[in-house]
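Please look through the sequence and the model below before reading on.

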Amino acid sequence: MLRTISRLASSPARRNFIRLNSTFVVPRTQKAIVFEKNNGPLLYKTDWPVPTPAADEILVNVKYSGVCHTDLHAWHGDWPLPTKLPLVGGHEGAGVVVARGSAVTNFELGDYAGIKWLNGSCLSCEFCLKGAESSCSDAILTGYTHDGTFQEYATAKAIHAAKIPKQTDLAQIAPILCAGITVYKALKTSTATPGQWVAITGAGGGLGSLAIQYAKAMGLRPIAIDTGAAKAELCKSLGAEVFIDFKATSDLSAEIKQATHGGPHAVIHVAVSEAAIEVSTDYVRPTGTIVLVGMPAGAVARSSVFNHVVKAIDIKGSYVGNREDTVEALDFFSRGLVSSPINIVGLSELASVYEKMEKGEIVGRFVLDTTC
Ligand code: 8ID
Ligand code: ZN
């Protein structure tokens, strides 16, 4: 229960803190990266107000937050869904519960918690009832319609927040909270079965580097598609049987078909590329499944109807994961079946991380340490 907020003492220095419970002293203000308009300056604030949790929310002292390409889309405002403004982005936050609202029963103070993209949903609509919570029309989106994890303290609906076992490396687990859950769900959506080939476009980035490992752990045969020597090395070290550099090949489709003896049974698109989607309708194996995950601004998935019908292929969208997918994806991590190839930098470095991401230079995932 959220205890009555009482001042620690009346000295001016202490007025900057609030005591939310007997164990944790929470400051009134904190460090955060904020933008006031899309594409506007990424402001490093040291006096951003710490949010107060609502009755059904927990307040998490975010230790680390991954930087997802979705955060870059949010800053650009390049999707047909407006962001809240001003906005604190970020939705791969791992930290410690330091306060909870009066209705929260599933988290104790001091527990480790993960804040995901799907911050909340109604839980009673047609979609929530069948576990398609991300399709709820009342979905609350962390770092998009609700201030996110590029701050030291963030709120999340307790019912949707992820449970993280104690002793977990919080920097390592942060990318699982979006990238991991999303690719795990996408692989399930593909219906590929053990022993089958799965192509992963954008394999050297944040989602892709986890997709390779989940695919392998699920008994699938990953073929990685991305560009550059560093990404090739990473993909192979994570378990990709084949790496194809889409910029270096003269016939991507032929090369993929040859490597997989007739085309992959499934394709997971995490590349931020419309062209990658179109060519996959050619190289996917007949009766195979293409799963759309990456969302390049304004993109359209083109597929020749003749080819689509005659090859009997399936093109599906996959959007993050539900609470069950979250538990399962985190369990793969806890059992050591997947690890996050991370690079840790301070919160204040967000702009330079976005710059690298824009140029396609990120190998694996960047994670922000919220203390600096
Ligand atoms: O629920 C969802 N559907 C969901 C969840 C999370 C993220 C969707 N996403 C979306 C993001 O919004 C973004 O559009 O997935 C996309 C990828 O996110 P990311 O993995 O965080 O991005 P990244 O780390 O920048 O990796 C992208 C990789 O794609 C490669 C780049 O080289 C980079 O390694 N790539 C590109 I751009 N074009 C390519 C191409 N044509 C390509 N790889 C192969 N072929
Ligand atoms: Zn994400």
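How many disulfides does a search of the whole structure find? The search finds zero disulfides, where a disulfide is a pair of cysteine sulfur atoms within 2.5 Å. This is a predicted model, in which local features need pLDDT of at least 70 and side-chain atom pairs count only at pLDDT 80 or more, while totals for chains, interfaces and linings use all residues. Residues are numbered from 1 along each chain as its sequence is written, chains are lettered from A and ligands numbered from 1 in the order in which they are written, and side-chain values use heavy atoms, with hydrogens and water left out.

C235 counts as buried because its relative accessibility is 0%; buried means under 20% relative accessible area, exposed means over 50%, and partly exposed lies in between, with a 1.4 Å probe and protein chains only.

C68 lies in the loop between β5 (57-66) and α1 (69-76), and C178 in the loop between α3 (170-173) and α4 (179-190), so the pair ties together parts that are 110 residues apart in sequence. Helices (H or I, at least four residues) and strands (E, at least two) are DSSP runs, numbered from the N terminus. Both C68 and C178 are buried, and for C68 the relative accessibility is 3%.

**Salt bridges**

A search of the whole structure finds 13 salt bridges, each being a side-chain nitrogen of Lys or Arg within 4 Å of a carboxyl oxygen of Asp or Glu. Three of these pairs are set out here.

| Pair | N to O distance |
|---|---|
| E241 and R221 | 2.7 Å |
| K257 and D282 | 3.5 Å |
| E274 and R302 | 3.4 Å |

E241, in the loop between α6 (229-238) and β14 (242-245), and R221, in strand β13 (residues 221-226), are 20 residues apart. E241 is partly exposed at a relative accessible area of 38%, and R221 is partly exposed at 32%. K257 is partly exposed as well, at 31%, and so is D282, at 36%. The pair E274 and R302 links helix α8 with the loop between β16 (289-292) and α9, the two residues being 28 residues apart. Apart from these pairs, K185, K188, D325 and E328 are linked in a network of salt bridges.

**A nonpolar patch**

Which residues form a nonpolar patch on the surface? V305, F306, V309 and V310 form this patch, with about 470 Å² of accessible area together. A patch is made of residues with over 30% relative accessible area and no salt bridge, where like charges are joined within 9 Å and nonpolar side chains (Val, Leu, Ile, Met, Phe, Trp, Tyr) within 5 Å. V305 lies in helix α9 (residues 305-310), and V305 counts as exposed because its relative accessibility is 62%.

Terms used:
Accessible areas come from the Shrake-Rupley method with a 1.4 Å probe; for residues, only the protein chains shown count as cover.
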